[in-house]
Amino acid sequence: MKHIALYSGGKDSTAVLILIKKHGLPLDEILYADVGKWMWPGIDKHMKKVEEYMQMPVIYLDISEQIQKGFKKWGFASPLTRWCTGIKRDEMNRYLKQYVKEGLTQYVGIAFDEQHRTGNKRYQKGEIRYPLIEYNITEAIALKMCYKEGFDFGGVYEHRSRYNCWCCPLQTLDELRILFKYYPGLWKKMREMQWISHNDFRKDETIMSLEHRWWMEQHSNKKKLWKNLIKSESGEECIGACHLCVHRHNTQDKLEV
Ligand code: SF4
């Protein structure tokens, strides 16, 4: 019987590893689907820490190329077309298939207060165990456990509820504002992605129109707005916040959110 922890990098699946270690649950492999540069810049450091903590190597399924190809083909994911999650699920299932005959137990990081997610058909192979539910660990407790063991996720959980792809179109508007405000390098990449993608980042909203919206919120004074636009027209100063604008430069230093 093989025991495999499905690892996402986030707090819940990290808390599962902590429980496995603390309670001596059987574990043969830690499996991680690597989406490449869509994951947060500090992920390599974090994964190294995980390997040291668990005293075993993580098995990486490199799906970064498929993700890049998928993006060129389908553009940004949406609640109805989560093609990137599909790639992850398919690759994981393909890998796990080899163990089904000998017997397989998958550890999945679903918290005690998220039990409605256990019906997810994504985890099809073998037996499924949810250690966070077995040990009554809620999402908030899971994060505390991770911090206590020295996993800080590069500070991402101070602003966001998930440690998943920074460019995920399913994140909240508040999380997007934070990305815009604190991670200018990543936001610049978002703009570049929007230029490539054939669909809008969110329903009827591009990355540039989001910037525009935040800019408008801040500059409700019309006189000031027109003054800026006139300046922009004359080439004196580009506000960079118009979604029709062909300029690709970053506006971080000009906007305050
Ligand atoms: S986190 Fe978002 S972008 Fe990343 S794989 Fe999941 S749905 Fe896709």
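Two residues are in contact if their C-beta atoms, placed from the backbone, lie within 7 Å. Under that rule, Ala 15 touches Gly 109, Leu 132, Ile 137, Ala 142, Met 145 and Cys 146, leaving aside residues up to four places away in sequence. The model is predicted: local features need pLDDT of at least 70, side-chain atom pairs count only at pLDDT 80 or more, and totals for chains, interfaces and linings use all residues. Residues are numbered from 1 along each chain as its sequence is written.

**Confidence**
- The average pLDDT of the chain (the predictor's confidence in each residue, from 0 to 100) is 87, and 82% of the residues score at least 70.
- Residues 243-257 have a pLDDT below 50, and this stretch has 28 contacts in the model beyond near neighbours in sequence.

**Backbone and burial**
- Phe 153 is not a glycine, yet has a positive phi of about 55°.
- Phe 153 is buried, with 20 other C-beta atoms within 10 Å; a residue is buried at 20 or more such atoms, exposed at 12 or fewer, and partly exposed in between, with C-beta atoms placed from the backbone.
- Asp 204, also other than glycine, has a positive phi near 60°.
- Asp 204 counts as exposed, with 7 C-beta neighbours inside 10 Å.
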